[in-house]
Amino acid sequence: MATTLSVVYRDQIATILMRLWDSRIPESSNFCAFSWSRGYVQCLADHDKTEMWCEAISARSFEGAWTDAAADGEQVLAELGFRAPDSFSPNYYQFIDIASRETFWQITDTLIAVMERVFHYTGDSGLAFKCWMPGFVS
């Protein structure tokens, strides 16, 4: 059974991630955050990299973010391939090699899993898109 997030946002998130990747230009980093009232996930695409950097919010970067988190949230993030916050990032993060267009759908499914399984976000309150890339107005 498809979830609200999958039905409403899956195509939109994947399309934005592809556009984020395709619109990279020298000396620039494209970035998009998908946020709700108590948290966010985000991805960054540098012009000279072969991978996308994705993050999930942690309590270190936004106090209160983990108020609604699942008790096993850190374990779920680890299972999804995220590294714990450290000196590199205050958020949970991972680097994902962009092997093909299918990779963007895999990233989208991972981001949706974080929202649903870790933060119990259902999509009912709306998901905001804040992006920085050429030609995108959010």
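Predicted model: local features only at pLDDT ≥ 70, side-chain atom pairs only at ≥ 80, totals over all residues.
## Salt bridges

Residues are numbered from 1 along each chain as its sequence is written, and side-chain values use heavy atoms, with hydrogens and water left out.

A salt bridge (a side-chain nitrogen of Lys or Arg within 4 Å of a carboxyl oxygen of Asp or Glu) joins D109 to R10, with 2.6 Å between the closest N and O atoms. R10 belongs to helix α1 (residues 4–22) and D109 to helix α3, so the pair ties together parts 99 residues apart in sequence. Helices are DSSP runs of H or I with at least four residues, strands are E runs of at least two, and both are numbered from the N terminus. The count of salt bridges comes to three. Another one pairs R117 with E79 at 3.4 Å, N to O.

## E55

E55 lies in strand β3 (residues 51–56) and counts as buried, at 7% relative accessibility. Its side chain makes polar contacts (N or O pairs within 3.5 Å, one able to donate a hydrogen and the other to accept it within protein; residues adjacent in sequence count only if both atoms are side-chain atoms) with the side chains of Q42, at 2.2 Å, and N91, at 3.2 Å.

Definitions and conventions
Buried < 20%, exposed > 50% of the residue type's maximum accessible area, 1.4 Å probe, protein only.
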